[in-house]
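This report covers backbone geometry and surface charge. The model is shown first.

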Amino acid sequence: MRLYTPDTLLYPITVTKLLRQQGDSIEVNSPLFLYNYKSTVTEFDEDAREDVQRERTWPATFESELEGTLESLNVKVGQVIERKTPIADVEEDCKHEIQFAGLCATCGQDMKEKSSYNETTARAARATVNTVHGRQDLLISEEEASKSDEEAKRRLLESRRLSLVVDLDQTIIHASVEPTIGEWQNDPSNPNYEALRDVQAFQLHDDKPNTWYYIKPRPGLKHFLNRLSEFYEMHIYTMGTRSYAENVAKIIDPDRKIFGDRIVTRNESGSQTAKYLKRLFPIDTRMVVIIDDRADVWHWISNLVKVNVFEFFVGIGDINSSFLPKRPELEAAKAHAPKMECIPSNKTPPEAGENAAVQTNGETSVSEQLLSMAGAQDAKSIQEKTEEQEQIIQEQLDDRPMLKKQKELEDLAKEEEAKASPAVEATAELLAENGNDGESKELSLVDSVQHKYRQNLLADDDNELVYLEQSLRNVHTTYYEEYDKQSRGAKGDRVAELRPGHSKKRSFDDLQNIPDAAALMDVMKGKVLAGCHIVFSGVVPLGVDPLTHDAALWAKTFGATVSVNITKKTTHVIASPDRRTAKVRQAAKKCRIAIVSQHWLHACFAQWKNVDVNPYRIHSDAPTNGAGALPESFDEMAYNVSSSDDDDSALTEDESEGGETLNGDRLTLEIDTEEEEELMKYAPSLDRKDSSPTEGEQPDDWEAIDEEFEAFLDESGDEDDESDTESVKSTRSETEPPSGAQKRTHHERDSDGESEKGSRLQKRKKQAMERTSSLTNLVVQGNGAAPAAEGHDEVEGTGSEADLEADLEAALAAEMERQSGDEE
């Protein structure tokens, strides 16, 4: 080891005498050479009777802080040393490169004790690298770590494998502590019995008694691990405890052939809120791939393969997520409703807890509460998060959220069945009122009726691992194709391999030039959504930047371009099927834009390809000229108010510069979301028949209008003196005679036959009902020239005052009859 002069010396120093020579054995604090140095001191001058500053030269001895054999002494007499300088090389008997719990694993010395007063580097600093999965107190030096890393890479290259870091919770397994699961497993008649067949349970010794952890492996996990073990050396990295991870490993790898002892937990991670690849591979990560459902804990590194969240136990979430970093929303969070849009309301309004995450429509799940606990990682906060996690687990044990959801599901099925066939419920009630004579038959029939309503809450239909296996095999194939290409070097090397005497054995000496898996994965993922321009609408919670949302960040890694507004380049709008936002209506005007659900993105992420959008299209009936029709009733509805930003941002670049939209000026209602509670007090709660004029805001069917107009002309058998539009716009004076085409003779009127039957008032009522002019138009008509009335003998003129009163009377009667019909 090389020996340096310490920074604490008063430089410059001058070597005056050498005390050791090459080959000498030295110990700690053995003198190596003598030297002089100068310093300014304060002395009392007797003549001046005061203190004065004088520069003095002082002798000193340089002593070794190392022990061993002196291989070289790189100083000479008279040499002036002005800064920190290497002066000797010492071959130590023990380099203390492997330390365990503060002790040298070779010589047993305590590395925490200071060996010498002039020690410049603590002996404990010689071993700082942690490469062992299960312990933090076993450390090695960087030199030893490099040797170990080189051996691991050679082993992987020879077997043509890579390293795969695997997350547990919601990636390959799902865990819960709810006792309902055990009860369902013991009840073959339960609708969830089949889905729970492969669920296994264990208890932790350091946990509360009678607390069972139920583990559900992701469908196809056994085949997935066995197949990929041929291509990858696998490691577990979880934010659960050591005892939790080891028990899960016993379930998914009982023979210890897949993972062995390669398990890292939050106890050894070095961080309570993040995962670091350097913890497992401190020297080189070029042969490492990661699978995880969370990218933020890995700081979005390129080695990561996105895995869709596995949530088998409905509403439970990640049981260990309290130690993960806090994020503003869940990946599957429901979006806010649009302005005043009607959505089904929950019978029981959700109660927001003190630690609730960002609020969206729906209840605050256990996983949201767990996520909200993540934060600082000092000793106090860790203790607080541990206590809060225990409280959440206890709430699961007491509240049994899955049992409640199962009951809600069955109640909903009963309600739907009762609406379709009320006789079913009536039959059950009649059976319950029968006497004891048919008691046995009654019970069997009631049980059969109740069993009919039982619906399975749990679904064992996840197929994520099928696509994940294919993606990982593609990464492996691409990596070794690139490795073989680099190993061959130039094109002429293939010819050189065929020459006599050439060794076909591949050399692994040049480990610095192996491919980087992260770089290859970036290229592979970047091709998936290349050319796609995506806009999110209705799926990002309020207060969250759409460009920093998890889905947007993942889309960017797969080559997509994400923007806030719809532009000329937009190809996809990711929307919610429950919301028809302004951006959705804007996109519906352009056939080139595909309006799809989030499942399309998830499928692209899972399969690493741009999948067909047709199975994921939504809002295919979205109107292009405004909002769709309102519902017939507001029963069981609740109003939700969202920001107006979505409507404003729906304008394209052209429209922001003055372009016109098909629906013209829109009337929007902007409401402060902070006043939502006050607004809810005044929301309509009674049934009413919708009479809003917006109900008819659909594209006009001109063909139907023409047919109706022709039928009206045929039925009346005559021609009006002027159309309704001409009656509004006409400015002719009362003395201006009508044209000859508008005049009718007595003979023409008599030839109409049955069309003249009936009173004049009834005919005018019928005409008023079919006309589209309003009372306002009638007033304008009264002030101007009145058209010639049908059935009169006058050929010229404007008609008498009685005719005008008859017109007004007919219009008023028709309007009153229409209003009475609407109220009914």
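## Positive phi values

Asn-29 is partly exposed, with a relative accessible area of 29% (partly exposed lies between buried, under 20%, and exposed, over 50%, with a 1.4 Å probe and protein chains only). Its phi is near 75°, a positive value in a residue other than glycine. Asn-29 sits in the loop between β3 (25-26) and β4 (31-45); strands are DSSP runs of E with at least two residues, helices are runs of H or I with at least four, and both are numbered from the N terminus.

Trp-608 is not a glycine either, and its phi is positive at about 55°. This residue belongs to the loop between α16 (598-607) and β25 (637-640). At a relative accessible area of 11%, Trp-608 is buried.

## Basis of the model

The model is predicted: local features need pLDDT of at least 70, side-chain atom pairs count only at pLDDT 80 or more, and totals for chains, interfaces and linings use all residues. Residues are numbered from 1 along each chain as its sequence is written, and side-chain values use heavy atoms, with hydrogens and water left out.

## Cis peptide bond

The peptide bond joining Tyr-11 and Pro-12 is cis, with omega about 0°. Pro-12 is found in the loop between β1 (2-4) and β2 (13-18).

## Exposure of Glu-27

The loop between β3 and β4 also holds Glu-27. Glu-27 is exposed, and its relative accessible area is 55%.
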